[in-house]
Amino acid sequence: MYVSEWENDKRTLSDRYAAILRQLLGVTDKELREASLAPVPPMADGYDELLSRIDSASSVGVSMVKTFNDQTEILRTMDRQMGAAGLVDQMTGHLARLEDALNFAVLPTTRRPVALALAGASTLAAWQAIDSGAVERAWRHYELAKRAARDAEAPMYLAHAMAEQAYVLCEAGRPSLGVDLVRDAQRTVGQTGSPRLRAWLYAAEAEMCAHAGMPDDCRRALDAALASIPPGSEDRDPDMLSIFLNGAHLARWHGNVLALLGDGEAVTSLYDALDVVDPTFVRAQAGLHSDLAQAHLARAEYDDAHTHLRQARLLASRTGSVRQRRRVDLLSARL
């Protein structure tokens, strides 16, 4: 008798729940029963989607990698002429597509060329982030570039990403740590790197040393850079298109480093560089005028310094370079 009463209570409770459901959902008893009996669709396990993406990544061939690299080159050209400020969304989308292709590529023959393209694009994105003042984003892009370079088994690209990442440390006030990172990059590539890359690494070391207050090390690195740079006007490294460096570019860099040291000889080197600078390198021109302003300040030639600072400010505003504008402001405070 007790069991029967319990069953009646259970049915009553069930009826009450059913009534509440009918009221909330606006359905009949029949519709509720049919819904409870309807077959449950099988849950998607994700394998179909995964295999679809793997198949898509495996179809990335030479022509697609070339398209990726062509897109990077277009963004690089736009960056040096117009600045990085208006390219953030395009660069972000470009990196996302490359990283997606790499994440789902299985075999090394497919992964390496995509990884190499990603390494080159990531260092460009990182330098743009530095120029825009987004230092944490720059750091993350360099980490991505290093991972991609390791995946591609490309020590030159790895060394380049490491040495550029040193600029983030320098901008953050840790130039000595930047020196260590550049030297580690040099050890990473050893003598297998191209002469142009080695010259670039020595010049980067010299700049870090100048900021770190290491003048003797700085001058030794400058001499090594000048000894390593290939002759001629060609500035692109055929083994690594991220590098733009020839004798004229190195003369500007040499003058920049001497200006950081307060060396009076910087003015001559910088004016020589100004005569031959590529007009499409707008941001580089802004840096060159800042260098000249700094060199004239070291010689107490304030009128000349003011003239170059005004030009540097105009060019920095044209490209939206936060980094260059910050430097102009710091130099202006010394006038």
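This is a predicted model: local features need pLDDT of at least 70, side-chain atom pairs count only at pLDDT 80 or more; totals for chains, interfaces and linings use all residues.
Ala300 sits in the loop between helix H14 (282–298) and helix H15 (302–319); helices (H or I, at least four residues) and strands (E, at least two) are DSSP runs numbered from the N terminus. Residues are numbered from 1 along each chain as its sequence is written, and side-chain values use heavy atoms, with hydrogens and water left out.

**The chain as a whole**

- Of the 335 residues in the protein chain, 44% are buried, where buried means under 20% relative accessible area, exposed over 50%, and partly exposed in between (1.4 Å probe, protein chains only).
- The protein chain exposes about 17800 Å², and carbon and sulfur atoms supply 55% of that area; accessible areas come from the Shrake-Rupley method with a 1.4 Å probe, and for residues only the protein chains shown count as cover.
- Taking contacts (heavy atoms within 4.5 Å) between residues at least 6 apart in sequence, 62% join residues at least 24 apart.

**Open pockets**

- A word on terms: on a 1 Å grid over the protein atoms alone, a pocket is an open set of points with protein on both sides within 12 Å along at least five of seven lines, whereas a cavity is a set where a 1.4 Å probe fits but cannot get out; lining residues have an atom within 4 Å of a point.
- Grid points are joined across faces, edges and corners, and a volume is the space filled by probe spheres set on the points.
- The largest pocket holds about 1400 Å³ of space.
- Its lining counts 45 residues, and Trp127, Tyr167, Arg252, Arg323 and Gln324 lie nearest the centre.
- By class, the lining of the largest pocket divides into 20 nonpolar, 10 polar and 15 charged residues; Ala, Val, Leu, Ile, Met, Phe, Trp, Tyr, Cys and Pro count as nonpolar, Asp, Glu, Lys and Arg as charged, and the others, Gly among them, as polar.
- The second largest pocket has a volume of about 330 Å³, and 17 residues line it, with Asn69, Leu116, Ala117, Tyr157 and Leu241 nearest its centre.
- Eight nonpolar, four polar and five charged residues make up the lining of the second largest pocket.

**The enclosed cavity**

- The count comes to one cavity of 30 Å³ or more, and the largest cavity has a volume of about 80 Å³.
- Helix H5 (88–103), helix H6 (108–132) and helix H7 (135–151) are the elements that give two or more residues to the lining of the largest cavity.
- Among the residues lining the largest cavity are Met91, Gln128, Arg137 and His141.
- The cavity lining has seven nonpolar, four polar and one charged residues.

**Polar contacts of Arg111**

- Arg111 lies in helix H6, and its side chain makes a polar contact with the side chain of Asp151 (2.5 Å).
- A polar contact is a pair of N or O atoms within 3.5 Å; within protein, one must be able to donate a hydrogen and the other to accept it, and residues adjacent in sequence count only if both atoms are side-chain atoms.
- A polar atom of the Arg111 side chain also lies 2.8 Å from the backbone oxygen of Leu102.

**Positive phi in two loops**

- Ala300 has a phi near 60°, a positive value in a residue other than glycine, and Ala300 is partly exposed, with a relative accessible area of 44%.
- Glu153, in the loop between H7 and helix H8 (155–171), has a positive phi of about 55° although it is not a glycine.
- At 55% relative accessibility, Glu153 counts as exposed.

**Two buried residues**

- Asp235, in the loop between helix H11 (215–228) and strand S1 (236–237), counts as buried at 15% relative accessibility.
- Leaving aside neighbours within four places in sequence, Asp235 is in contact with Arg196, Ile243, Phe244, Leu245, Asn246 and His249.
- The C-alpha atoms of Asp235 and Arg196 are separated by 8.5 Å, and the two residues are 39 apart along the chain.
- Ser228, found in helix H11, counts as buried at 17% relative accessibility.
- A polar atom of the Ser228 side chain lies 2.8 Å from the backbone oxygen of Ala224.
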